[in-house]
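Please read them alongside the coordinates.

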Amino acid sequence: MASHYYHPLDRFLRPHSSPLLPFFSHSPTPRIVSVRSHTKTTSDGGFDPLRSHVSSSSSAIDFLTLCHRLKTTKRKGWINHGIKGPESIADHMYRMALMALIAGDLPGVNRERCIKIAIVHDIAEAIVGDITPSDGVPKHEKSRMEQAALNEMCEVLGGGMRAEEIKKLWEEYENNASLEANLVKDLDKVEMILQALEYEMEHGKVLDEFFLSTAGKFQTDIGKSWAAEIILRRNTRQANKLN
């Protein structure tokens, strides 16, 4: 009887509709997946660039396959409010990256780094899903779960410079540790309230919760200015509906 080949991504690729909370329910220790070395040797101990290239390509495709879940996992805040066909995690991060690209210059802020942070800031949700305040998970526990997931994703990638860069960018955002992180934190909120306004217009909803939760929490002039414009458009729309 033939044995079943177990691929390191098998356990990630089953369908799911909610965060994989059971995966982290008991103080998880990041589990080691099958990680391929980027350095391959020949039978006589020499370096084999062809085998190294194949291994690196395999790890990259494994990582990208895992990140596919960012495209298919819908943002739970919208699901909880009955929005049909809501945006995915990847949708949210993509528009944030566009925001970072078109934002005006800020002294001391590296635009390229902002774009990179926007692309990776929710990347761990490929494993843990979109955990919202309504899930009742304490903030420190959510952060720990996502850190463990991020570490595992970087192992799937095979480690190395790119994996370390992703970790540093994610941690910088998580800790709000730079001017770039300050801006991207603001863009995260701006993107959310812009999406809320769009859903209000498309679905006839009232989504006050998202505006109230971000009020007064913007750190940068760009964040404050863009948020004010969104709120002005919302208020104008509501006033026009009353007339």
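1. Helices here are DSSP runs of H or I with at least four residues, strands are runs of E with at least two, and both are numbered from the N terminus. This is a predicted model, in which local features need pLDDT of at least 70 and side-chain atom pairs count only at pLDDT 80 or more, while totals for chains, interfaces and linings use all residues. Residues are numbered from 1 along each chain as its sequence is written, and side-chain values use heavy atoms, with hydrogens and water left out.

2. Overall content. The protein has 10 helices and 0 strands, which gives the pattern α-α-α-α-α-α-α-α-α-α along the sequence. Of its 243 residues, 42% count as buried; buried means under 20% relative accessible area, exposed over 50%, and partly exposed in between, with a 1.4 Å probe and protein chains only. Contact means heavy atoms within 4.5 Å. Among contacts with a separation of 6 or more, 67% are between residues 24 or more positions apart.

3. Helix H7. This helix covers residues 160-174, and its 15 residues at 1.5 Å a residue should span 21 Å; the end C-alpha atoms are 21 Å apart, which agrees. The expected span is 1.5 Å times one less than the number of residues. Buried positions in H7 are Ala163, Ile166, Lys167, Leu169, Trp170, Glu172 and Tyr173.

4. H6 against H7. Two packed helices are described by the angle between their axes and the distance between the axes. Axes are lines fitted to C-alpha atoms, for helices over the stretch in contact, and angles run from 0 to 180 degrees between N-to-C directions. Helix H6 (residues 139-157) packs on H7 at about 165°, with the axes 9 Å apart. The two are therefore roughly antiparallel, on a scale where angles under 35 degrees are roughly parallel, over 145 roughly antiparallel, 65 to 115 roughly perpendicular and the rest oblique. H6 passes H7 in a right-handed crossing; a crossing is right-handed if the near helix is turned clockwise from the far one by less than a right angle, and left-handed if anticlockwise. On the H6 side the contact is made by Ser143, Glu146, Gln147, Leu150, Asn151, Cys154 and Leu157, and on the H7 side by Arg162, Ala163, Ile166, Lys167, Trp170, Glu171 and Glu174. By class, this contact has 6 nonpolar, 3 polar and 5 charged residues. Ala, Val, Leu, Ile, Met, Phe, Trp, Tyr, Cys and Pro count as nonpolar, Asp, Glu, Lys and Arg as charged, and the others, Gly among them, as polar.

5. H4 against H7. The axes of helix H4 (residues 111-120) and H7 come within 9 Å and cross at roughly 90°, so H4 and H7 are roughly perpendicular to each other. Arg113, Lys116, Ile117 and Val120 of H4 meet Glu165, Ile166, Leu169, Trp170, Glu172 and Tyr173 of H7. The residues of this contact divide into 6 nonpolar, no polar and 4 charged.

6. Cys114. This residue lies in H4 and counts as buried at 1% relative accessibility. Leaving aside neighbours within four places in sequence, Cys114 is in contact with Ala100, Val109, Glu180, Leu183 and Val184. The C-alpha atoms of Cys114 and Leu101 are separated by 8.2 Å, with the two residues 13 apart along the chain.

7. H3 against H8. Helix H3 (residues 89-102) and helix H8 (residues 179-203) have axes that come within 9 Å and cross at roughly 120°; the pair is therefore oblique. H3 passes H8 in a right-handed crossing. The contact is made by His92, Arg95, Met96, Met99 and Ala100 of H3 and by Val184, Leu187, Asp188, Val190, Glu191, Leu194, Gln195 and Glu198 of H8. Its residues divide into 7 nonpolar, 2 polar and 4 charged.

8. Asn176. This residue is found in the loop between H7 and H8. Asn176 is partly exposed, with a relative accessible area of 30%.

9. Leu212 and Thr220. Leu212 is found in helix H9 (residues 208-214) and counts as exposed at 67% relative accessibility. Thr220, in the loop between H9 and helix H10 (221-242), is buried, with a relative accessible area of 10%. Leaving aside neighbours within four places in sequence, Thr220 is in contact with Asn182, Leu183 and Asp186.
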